[in-house]
Amino acid sequence: MKDDNCIFCKIANGEIPSNTLFEDDDFRVIFDLSPATKGHALILPKNHFRNLYDIEEETAGKVFKLAHKMSVKMKDYFKCDGFNIIQNNEECAGQTVFHFHMHLIPRYKGDNALKLWAPKEADAEELKKMAEDIRGL
Ligand code: 5GP
Ligand code: ZN
């Protein structure tokens with residue numbers, strides 16, 4: 001369940017020391033090395049999963065419960081004005097470290113730290129078809 005060549009496996013399992021905000025049997029929460037804002041943190045599972053596609057349903061549920069718990073604590077501590085939870089999967093979506101992780105990013109008024117997407121116009125027919133197709137999967 002660990003990958004010897006994975007930096008996040010080493011950090012999550014304590015082989016590389018880190019400033020740890022939270023730890024239990026399944027996860028470690030650390031600060032990002034190159035933060036988008038003050039307090040930017042990462043939830044790392046102790047087991048190695050490449051990304052969201054590989055994670056089991058039970059772990060996926062635990063990750064979001066932990067994200068909730070951490071965001072409440074971090075909001076109180078950092079007195080931030082908002083909060084983003086981001087989770088990138090594969091290179092074209094911005095994933096650079098291929099061990100599942102969830103970003104916890106406190107936001108401060110005027111920080112201009114993230115521009116998530118440029119909104120486009122939706123096609124009503126296409127939306128209808130896609131929704132039907134996906135319901136049928
Ligand atoms: P991704 O782009 O894969 O969603 O996010 C990877 C994140 O990991 C980046 O925000 C990057 O700054 C952070 N990161 C990369 N290497 C290290 C490291 O060795 N330690 C810590 N704490 N963060 C890292
Ligand atoms: Zn790993």
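Let's start with Asn-89, which is buried, with a relative accessible area of 13%; buried here means under 20% relative accessible area, exposed means over 50%, and partly exposed is in between, using a 1.4 Å probe and protein chains only. One thing to keep in mind is that this is a predicted model, where local features need pLDDT of at least 70, side-chain atom pairs count only at pLDDT 80 or more, and totals for chains, interfaces and linings use all residues. Residues are numbered from 1 along each chain as its sequence is written, chains are lettered from A and ligands numbered from 1 in the order in which they are written, and side-chain values use heavy atoms, with hydrogens and water left out.

So where is Asn-89 placed? You'll find Asn-89 in the loop between strand S4 (82-86) and S5. Helices (H or I, at least four residues) and strands (E, at least two) are DSSP runs, numbered from the N terminus. The side chain of Asn-89 has a polar contact of 2.8 Å with the side chain of Gln-87. By polar contact I mean a pair of N or O atoms within 3.5 Å; within protein, one must be able to donate a hydrogen and the other to accept it, and residues adjacent in sequence count only if both atoms are side-chain atoms. A polar atom of the Asn-89 side chain also lies 2.9 Å from the backbone nitrogen of Leu-52.

That brings us to Leu-52, in the loop between strand S3 (41-45) and helix H2 (57-78). Leu-52 counts as partly exposed because its relative accessibility is 41%. From C-alpha to C-alpha, Leu-52 and Tyr-77 are 29 Å apart in space, and they are 25 residues apart in sequence.

Now over to Arg-107, which belongs to strand S5 (residues 102-107). Why does Arg-107 count as buried? Because its relative accessibility is 17%. The Arg-107 side chain makes a polar contact with the side chain of Asn-84 at 2.6 Å, and another with the side chain of Asp-111 at 2.7 Å.

For a contrast, take Lys-115, in the loop between S5 and helix H3 (124-135). At 71% relative accessibility, Lys-115 counts as exposed. A polar atom of its side chain lies 3.3 Å from the backbone oxygen of Trp-117.

On to the ligand. Of the 16 residues around ligand 1, those that come nearest are Phe-31, Asp-32, Gly-94, Thr-96 and His-103; being near takes a heavy atom of the residue within 4 Å of the molecule. By class, that shell has eight nonpolar, seven polar and one charged residues. For those classes, Ala, Val, Leu, Ile, Met, Phe, Trp, Tyr, Cys and Pro count as nonpolar, Asp, Glu, Lys and Arg as charged, and the others, Gly among them, as polar. Helix H1 (7-12) and strand S2 (27-31) each supply at least two residues of the shell, and H1 gives the most, with three.

What about the backbone around ligand 1? A nitrogen atom of ligand 1 is 3.2 Å from a backbone N or O atom of Leu-33. An oxygen atom of ligand 1 lies 2.8 Å from a polar backbone atom of Gly-94, and an oxygen atom of ligand 1 lies 2.7 Å from a polar backbone atom of Thr-96.

Finally, the whole chain: the protein has three helices and five strands, running α-β-β-β-α-β-β-α from the N terminus on. Of its 137 residues, 34% count as buried.
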